[in-house]
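Open the structure in your viewer and keep the selection tool handy.

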Amino acid sequence: MDDRLSKAFAALADPTRRDIVARLAIGDATVGELAAPYDVSLQAISKHLKVLESAGLVSRSREAQRRPVHLEAARLAEMTEWIERYQRRAEERYARLDAVLTELAQPAGSAGSKPEMHHQPRNPLLRRDDQGEPP
């Protein structure tokens, strides 16, 4: 995983920072507005914002006397893309497993099944020297 993703995931490991990101998804806010729901100082929220800013998840701008904090959606999109790539791989593996389990669950002689075998099929989980016990 690249360093930017590592920083972003690490920043979101904290529940307060996840709450701040959720609040900023609604719209930009000042440090004071972000601190309002919490029983912490503005300095504590500022520290959380520095971590989020370092991870590229938020940015600050200057509008006259205000310094609103802005959510950087592009960084969240990168994180989502990374997660979805591995989610697709996991889903593909589960689909293959489902197909194997469905095939194994079909009773012998049912429509579409393999021809009846006259010997016990070899269990791929067992080695040849095993006496019926899985490895």
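Start by selecting Leu5, Ala8 and Ala11, the buried residues of helix 1. Around the axis they span an arc of only 130°, so they lie on the same side of helix 1. Keep in mind that this is a predicted model.

Next, display helix 1 together with helix 5, residues 73–105. At what angle do the two axes cross? They cross at roughly 100° and come within 10 Å. Helix 1 and helix 5 are therefore roughly perpendicular to each other. To see the contact itself, pick Arg4, Leu5, Ala8 and Phe9 on helix 1, then Arg75, Glu78, Met79, Trp82 and Ile83 on helix 5.

Now move to the largest nonpolar core, which has 20 residues. Select Leu24, Leu34, Leu49, Leu52 and Leu57, the residues with the most contacts inside this core. Then bring up the elements that each give two or more residues to the core: helix 1 (3–11), helix 2 (15–26), helix 3 (31–35), helix 4 (42–54) and strand 2 (69–71).

For the last stop, centre on Leu34. Which residues does Leu34 touch, leaving aside its neighbours within four places in sequence? Its contacts are Ile20, Arg23, Leu24, Ala29, Ile45, Leu49 and Val69.

Technical notes:
Residues are numbered from 1 along each chain as its sequence is written. This is a predicted model: local features need pLDDT of at least 70, side-chain atom pairs count only at pLDDT 80 or more; totals for chains, interfaces and linings use all residues. Side-chain values use heavy atoms; hydrogens and water are left out. A nonpolar core is a set of buried Ala, Val, Leu, Ile, Met, Phe, Trp, Tyr and Cys residues joined through side-chain atoms within 4.5 Å. Buried means under 20% relative accessible area, exposed over 50%, partly exposed in between (1.4 Å probe, protein chains only). Helices (H or I, at least four residues) and strands (E, at least two) are DSSP runs, numbered from the N terminus. Contact means heavy atoms within 4.5 Å. Axes are lines fitted to C-alpha atoms, for helices over the stretch in contact, and angles run from 0 to 180 degrees between N-to-C directions. Angles under 35 degrees count as roughly parallel, over 145 as roughly antiparallel, 65 to 115 as roughly perpendicular and the rest as oblique. The arc is that of the directions from the helix axis to the C-beta atoms.
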